[in-house]
Amino acid sequence: MRTRVLFPVTLFCAVVFSACSSSRPMAHLIINNESGMDIPLNVSITNNIKGEPGETINNTIKPGLQELSSRKFPRGAYSITAETNNSLISIKKSLSLDTDKWIMITYTHNDSMNIQKKYGYVDTSLLKKVNGKYTGLDMYIENRKPPTL
């Protein structure tokens, strides 16, 4: 009699636990380094409601496209901050983790002529001059995996 009751309760607990853990949204961090050199990048994801120190990722980013991290977080409102060049260049955005998110960060460090060839203009409100070249971070967040990845 005892095993008849114990098995359904155990099965119910296992199903509830797996459903709760699988419902946590995933944050995918994709970095595109458009400079020709390795750069140190710090990315911090902080929960706005709890005010606790969040997840911090410190990495040296190689040139090109790469995925840094994929982590599950509890649902909620977060802030994401990326900074480089000893915090001289930084960007901060709000992040609502209700579903899986793809966070794309682009680092640019180039002269104005190459930036203009690639994008058509040089946005000096987003770019700062570092060592004689325009440098900046851009971040956007998608709800679906971009088709180019």
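This is a predicted model: local features need pLDDT of at least 70, side-chain atom pairs count only at pLDDT 80 or more; totals for chains, interfaces and linings use all residues.
Q: Which residues lie nearest the centre of the second largest pocket?
A: Asn 32, Leu 65, Met 104, Thr 106 and Tyr 140, out of 13 lining residues. A pocket here is an open set of points on a 1 Å grid over the protein atoms alone, where a 1.4 Å probe fits, with protein on both sides within 12 Å along at least five of seven lines; lining residues have an atom within 4 Å of a point.

Q: Which elements give two or more residues to that lining?
A: β1 (26–33), β7 and β9. Strands are DSSP runs (E, at least two residues) and helices likewise (H or I, at least four), numbered from the N terminus.

Q: What about the largest pocket, which element gives the largest share of its lining?
A: β9, with three residues. The lining includes Tyr 119, Tyr 121, Asp 123 and Asp 138.

Q: Which other elements give two or more residues there?
A: Besides β9 (133–142), β7 (101–110) and α2 (112–119) do.

Q: Changing topic, how many helices and strands in the chain?
A: Two helices and nine strands.

Q: In what order?
A: From the N terminus, α-β-β-β-β-β-β-β-α-β-β.

Q: How much of the chain is buried?
A: 30% of the 149 residues, with buried meaning under 20% relative accessible area (1.4 Å probe, protein chains only).

Note on methods: Residues are numbered from 1 along each chain as its sequence is written. Side-chain values use heavy atoms; hydrogens and water are left out. Buried means under 20% relative accessible area, exposed over 50%, partly exposed in between (1.4 Å probe, protein chains only).
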